Amino acid sequence: AWAPRIKTGYEALLNSVLKGKGAMAAQAGGDFTEYELARAVVYLVNKSGGSLPEPQAPAAAASAPN
């Protein structure tokens with residue numbers, strides 16, 4: 001089911017997640033950050049035969065102390 005979606009490209013998929021599409025509600029401003037949602041898109045695409053690289057963590061999150 002993801003094959004036709006993969007062809008739209010990463011940006012289009014992420015945009016659909018953030019802003020919603022059809023019956024799917026927008027997720028921006030929800031419980032997940034844009035980075036977490038981007039990672040979910042990459043995970044689903046790659047598990048469905050795609051080969052997207054892992055998105056880069058935001059600079060603030062990457063430099064935050066553990």
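Let's start with a definition: a residue is buried when its relative accessible area is under 20%, exposed when that area is over 50%, and partly exposed in between (1.4 Å probe, protein chains only). This is a predicted model, in which local features need pLDDT of at least 70, side-chain atom pairs count only at pLDDT 80 or more, and totals for chains, interfaces and linings use all residues. Residues are numbered from 1 along each chain as its sequence is written, and side-chain values use heavy atoms, with hydrogens and water left out.

**Exercise 1.** Find what share of the chain's residues count as buried.

*Solution.* Begin with the length: the chain has 66 residues. Next, apply the cut-off: 18% of these residues count as buried.

**Exercise 2.** Describe the pattern that the chain follows along its sequence.

*Solution.* Start by counting elements, where helices (H or I, at least four residues) and strands (E, at least two) are DSSP runs numbered from the N terminus. The chain has four helices and zero strands. Now read along the sequence: the pattern is α-α-α-α.

**Exercise 3.** Decide whether Ser16 is buried or exposed, and list the residues that Ser16 touches beyond four places away in sequence.

*Solution.* Locate Ser16 in helix 2, which covers residues 10-19. Then check the area: Ser16 counts as buried because its relative accessibility is 17%. Finally, look for contacts (heavy atoms within 4.5 Å). Leaving out residues up to four places away in sequence, Ser16 touches Lys21 and Met24.

**Exercise 4.** Work out how far apart Leu18 and Leu37 are in sequence and in space.

*Solution.* With a relative accessible area of 16%, Leu18 is buried. Along the sequence, Leu18 and Leu37 are 19 residues apart. In space, their C-alpha atoms are 8.0 Å apart.
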